[in-house]
Amino acid sequence: MSYNSKMWEGRFKKPLDSKVNDFNSSIKFDWVMFKEDINGSIAHAYMLGETGIIEKSEAEKIIDRLEKILQDIESGSLEIDCKAEDIHMFVEQILTERIGDTGKKLHTARSRNDQVALDIRMYLKKQCGEVSDLLKNLIYAVIEKAEENKNTLMPGVTHLQHGQPIVFAHHILAYAQMFKRDIERIADAEKRMDYMPLGSGALAGTTYPIDRHMVAEKLGFANVTENSIDGVSDRDFVIELASDLSIIMTHISRFSEEIILWCTSEYNFIELDDAFSTGSSIMPQKKNPDVAELCRGKAGRVYGSLMTLLTVMKALPLAYNKDMQEDKEAIFDALENTKLSLDTFTGMLRTLKVNRDSMKKATSKGFLNATDCADYLVKKGLPFRDAYKITGQLVAMCIEKNLTLEDLPLDEYKKICNKFENDVYKYIDLEYCVNERKVYGGPSAESIDRQIKNLEEFLKNN
């Protein structure tokens with residue numbers, strides 16, 4: 001049978017228009033599922049033989065040839081032909097060419113509707129593992145950089161305004177927590193796609209005495225789908241994965257935005273490695289953070305894939321509709337760009353240089369220890385609101401005199417509040433301010449060590 005022939009053409013009197021054929025074809029993108037398609041067919045053929053639906057010898061012959069087809073595709077000796085309608089028809093046609101009519105028995109008790117539902121679930125389960133591995137690599141990179149910068153002071157900000165002193169390790173470990181949750185979300189999504197749909201048929205199952213649980217076990221699924229209509233028309237798991245990928249890219253984009261800011265001349269907090277930067281075509285002095293900018297831009301592309309999937313599914317009546325063919329390009333593109341972003345971003349993070357002196361200099365500006373000054377007075381017995389007001393007056397005085405709280409003489413402190421003593425300078429020392437924040441989840445050295453230990457334990461167990 002040629003690729004121009006269609007398995008379903010018996011009902012039709014005219015051949016398919018060439019433009020419609022191209023419009024209808026999906027092999028240009030669904031070919032990536034060839035391994036899942038063949039392994040799914042092998043499990044199906046095995047079940048057909050075991051249940052007596054076809055002869056065992058026929059099932060063994062089909063399985064043997066399918067395994068050879070898989071080897072040939074992987075070795076490159078068999079090229080996937082884009083003239084085929086889709087990967088499912090390509091594999092079946094090659095099988096039939098090689099073993100004749102026995103190959104035509106493979107599709108017994110099966111529809112392309114449940115076949116494609118199986119393939120996409122198997123493929124995305126594998127992709128979940130790959131995304132999780134990339135997230136783990138990124139967390140390890142964050143941990144490495146945090147270990148190097150446990151004592152690197154930097155300004156903690158809200159509203160992009162200096163707020164309180166922290167250390168660089170604490171700041172970037174916040175992203176590690178986001179990536180940790182991303183791994184958990186991917187694992188949750190994988191659980192919901194771990195249901196085997198084969199046996200749902202076109203929409204109403206089959207009259208053949210198939211054993212769906214046998215196929216599920218062969219393919220490593222936790223269970224089978226409960227409703228045949230849902231089995232072929234559900235794409236929740238695709239949308240959920242696209243949503244999770246969008247959240248991952250949100251986190252990557254936020255981190256990228258900070259890296260872009262930090263390597264500006266105004267900040268000068270970091271310097272990107274030459275291998276992860278580009279130059280200008282006209283300005284020879286430029287060193288551009290293109291990797292971070294592209295990660296930030298690709299977030300929008302992944303969001304677009306999520307919106308595509310939601311829009312495709314939002315008004316579809318049950319069961320299968322051809323619209324659902326559009327799920328693959330969207331989720332494949334989202335996966336490709338998320339994985340590429342994660343991998344490249346990790347390399348950029350591992351190689352960037354932290355300018356500790358610039359960070360420390362920035363931390364000394366903006367009265368980041370003002371809250372600690374107020375807390376000092378609270379410990380002396382003042383209500384916080386009174387201490388807050390007094391510290392505000394001190395800050396105003398320092399601005400007027402072009403001083404910092406550390407430089408302000410003790411007699412000036414006492415003019416505003418007589419509870420100040422010489423020990424105030426200890427309490428407003430920036431390093432002291434950071435390391436006294438020993439509260440669980442805070443930026444102190446012991447808290448940083450705890451965060452890293454807990455992350456490493458998580459990575460070890462997931």
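Predicted model: local features only at pLDDT ≥ 70, side-chain atom pairs only at ≥ 80, totals over all residues.
Colleague: Which elements give two or more residues to the lining of the largest cavity?
Modeller: Met 47 and Val 215 are among the lining residues. Two helices reach the mark of two or more residues: α3 (34–50) and α8 (212–219).

Colleague: How much space lies in the largest cavity?
Modeller: The structure holds one cavity of 30 Å³ or more. The space in the largest cavity is about 50 Å³.

Colleague: Roughly parallel or roughly antiparallel: how does α7 lie to α19?
Modeller: The axes of α7 (residues 168–192) and α19 (residues 445–461) come within 11 Å. They cross at roughly 25°. Angles under 35 degrees count as roughly parallel. Therefore α7 is, relative to α19, roughly parallel.

Colleague: Is the crossing of α7 and α19 left-handed or right-handed, and which residues of α19 make the contact?
Modeller: The crossing is left-handed. From α7, the contact takes Ala 169, His 170, Leu 173, Ala 176, Gln 177, Lys 180, Ile 183 and Glu 184. From α19 come Ile 448, Gln 451, Ile 452, Leu 455, Phe 458 and Leu 459.

Colleague: How do the residues of the α7 contact with α19 divide by class?
Modeller: Lys 180 and Glu 184 of α7 take part in the contact. Lys and Glu count as charged. The contact divides into nine nonpolar, three polar and two charged.

Colleague: Which residues that line the largest pocket are the closest to its centre?
Modeller: The largest pocket has a volume of about 300 Å³. Its lining has 15 residues, divided into five nonpolar, seven polar and three charged. The closest to the centre are Cys 263, Thr 264, Ser 265, Lys 287 and Asn 288.

Colleague: Which element gives the largest share of the lining of the second largest pocket?
Modeller: This pocket holds about 260 Å³ of space. Its lining includes Phe 384, Tyr 388 and Val 395. Both α14 (370–379) and α15 (384–401) give two or more residues. The largest share, five residues, comes from α15.

Colleague: How many charged residues does the lining of the second largest pocket have?
Modeller: Gly 163, Gly 366 and Thr 371 are among the lining residues. By class, seven are nonpolar and five are polar. The charged count is none.

How values were computed. Residues numbered from 1 in each chain as written. Heavy atoms only, no water. 1 Å grid on protein atoms, 1.4 Å probe; cavity = no way out; pocket = protein on both sides within 12 Å on 5 of 7 lines; lining within 4 Å. Points joined across faces, edges and corners; volume = space filled by probe spheres on them. Helix = DSSP H or I, 4+ residues; strand = E, 2+ residues; numbered from the N terminus. Axes fitted to C-alpha atoms, helices over the stretch in contact; angles between N-to-C directions. Parallel < 35°, antiparallel > 145°, perpendicular 65-115°, else oblique. Left-handed = near helix turned anticlockwise from the far one by under 90°. Contact = heavy atoms within 4.5 Å.
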